[in-house]
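Reader: I have a new model on screen. Please show me how to read its main features.

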Amino acid sequence: MIDEEYRGAKQWSRDKQAVFTVVWISFLSAAIATMVFFAVFDPVELSGYFDEARDLSRDAGYAIGFFFFWLLCAFCSGVTAFLIRTAPKRDAKHRRQ
Amino acid sequence: MYESAKKIYPREIGGRFDRLSKLATISLLGLFYAVPWLLWDGRQAVLFDLPERKFYLLGLTLWPQDFPYLALLLIIAALSLFFFTALAGRLWCGFACPQTVWTEAFIWMEQFTEGTRSQRMKLDKAPWSFTKFRKKASKQFLWITFSMWTGFTFVAYFTPIRELGAEILAFNVGGWTLFWGLFYGFATYGNAGYMREQVCKYMCPYARFQSAMFDKDTLIISYDERRGEPRGSRSRSVNPQDAGLGDCIDCQLCVQVCPTGIDIREGLQYECIACAACIDACDSIMDKMQYPRGLVRYTTEHNLHNDETRILRPRMFVYGTLLVILCGALVTSMAMRKPVILDVIRDRNTLYRELPNDLIENIYTIKIINQGNAPRRFGLSVSGIEGITLDGVADEVLVDGGGVLSLPVRARAHRDNASGVSEIEFNVEAVDDASLVMGEDSRFIGPTP
């Protein structure tokens, strides 16, 4: 006889779970990638390779690097989540036979 | 099917573990907000100066090339998490995780403005009125102010806090600084104000794999089913045995206090962050009923089944040994860290130049990094070929504390001694300390005979 009001949270929808998990995990991965990458490369020296004329500050370099990694990781885990979620179920085939 | 998450209204409960959790919250948050204000030798004690690519940690200055220390430190942190999880379950989740700690602080502000659990539930159901607006607005004011302060403090780990404060007062904050401050502030607001337990349930990888570190000797929070069942309400004067009841009076208090909205009586669940609020709740009821405490308690699976709990088990030895080895490695390598680094880059544009008097010249860029905090004088020399000399370098060069000196140098040798490729070695020696010598190998290229 547990009052439903007390029974806390129900579930997030599968889509909401997928989106937030992808965003969050790629955020963490991007943070690690940014740390490792910029420990080795100095954004000021790097910017010279791409565009001699532009004077990129370190702050901007770090930020661009971070968002680049975030996008890349989000793309990677997003596509992975999408493919897993939309794959044909194994038992669906058995059921047809 | 889709069902939107219901809001959880955790009920406030006093008790032993509540005091422990308050202590943890206040000391951890206090540390976070206070550390950027500390000074060491006239500069900020902990500062990750990204624009200058230097990390100040108390008396220590770390450079990008010291990155392995950071990596080692992170591995040690992860391993300690494993160690303590195997030993004592989700201590981290319940008392130390930033998600828990900030959520706790946000719930305090919620209680302060909107009142107790039942008052909050009533307020949310009530139609909009002036009182509701005033309560909601003051909560938002507290939340947003606190979030902004959090964002400001976060940025202060990367930008000197006193200059930052002055910039903010003058409304003159740099673009990226402002952006990251707002970013972190907003993340705090969203995570601690709204997402709360959803982060642990759906987004936290640790919550999913922590069970791999669990065994039957791990400390867990559990309901003693054998003692509690069959549950049921009864008056205090009734002897439960006579009524055929266990000790659980089914008061629902343990469910109401749970920040993740689970019922601990259903057994160990991965949603449980081991905050121990249900222990406090149940103990308070047991006291009132004059039953012994501990119907919900810290225990182990072995203990629940009347077996002995073993603390020293192979798992603990493996994690423990690895921890000791890694900590030892970190301390030794930090202690053996050289206060000066020498870097030699050979000029790639020219192989060699032929000079009069049968001399051959190679060009190098020498980088001397003084990792100490005081300025130092260094002498530079080269060896490996008979009669090799350096040209264009003073006898002594001065490198600032924490500074990098980049020197173009020309090395010269007689062509009879330097045909083909020869290995040479550059050396820097501190003028005030002859034991402080660093060498770096390079190559000298001459004409092929």
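Author: We take the ground rules, then chain A, then the domains, a helix and the cores of chain B.

Author: This is a predicted model: local features need pLDDT of at least 70, side-chain atom pairs count only at pLDDT 80 or more, and totals for chains, interfaces and linings use all residues. Residues are numbered from 1 along each chain as its sequence is written, while chains are lettered from A and ligands numbered from 1 in the order in which they are written.

Reader: How many helices and strands does chain A have?

Author: Helices (H or I, at least four residues) and strands (E, at least two) are DSSP runs, numbered from the N terminus. Chain A has four helices and zero strands.

Reader: What share of chain A is buried?

Author: A residue is buried if 20 or more other C-beta atoms lie within 10 Å of its own, exposed if 12 or fewer, and partly exposed in between; C-beta atoms are placed from the backbone. In chain A, 10% of the 97 residues count as buried.

Reader: Which domains does chain B have?

Author: Domain bounds come from an automatic or database domain assignment. For chain B this gives domain 1 (1–337) and domain 2 (340–445). Their C-alpha centres lie 54 Å apart. Two residues are in contact if their C-beta atoms, placed from the backbone, lie within 7 Å. Four residues of domain 1 of chain B contact five of domain 2 of chain B.

Reader: Now helix 8 of chain B. How far does it reach?

Author: The expected span of a helix is 1.5 Å times one less than its number of residues. Helix 8 (175–195) of chain B has 21 residues and reaches 28 Å from first C-alpha to last, close to the expected 30 Å. Its buried residues include W180(B), G185(B) and Y189(B). The buried residues of helix 8 of chain B pack against helix 4 (98–114), helix 6 (130–156) and helix 9 (197–203) of chain B. R196(B) follows helix 8 of chain B, with a positive phi near 45°.

Reader: Which residues touch the most other members of the largest nonpolar core?

Author: In soluble globular proteins, nonpolar side chains tend to be buried together. A nonpolar core is a set of buried Ala, Val, Leu, Ile, Met, Phe, Trp, Tyr and Cys residues joined through C-beta atoms within 7 Å. In the largest core, of 40 residues, they are C254(B), A277(B), C278(B) and V296(B). Helix 14 of chain B gives the largest share, five residues. A second, separate core of 16 residues includes L380(B) and F444(B).
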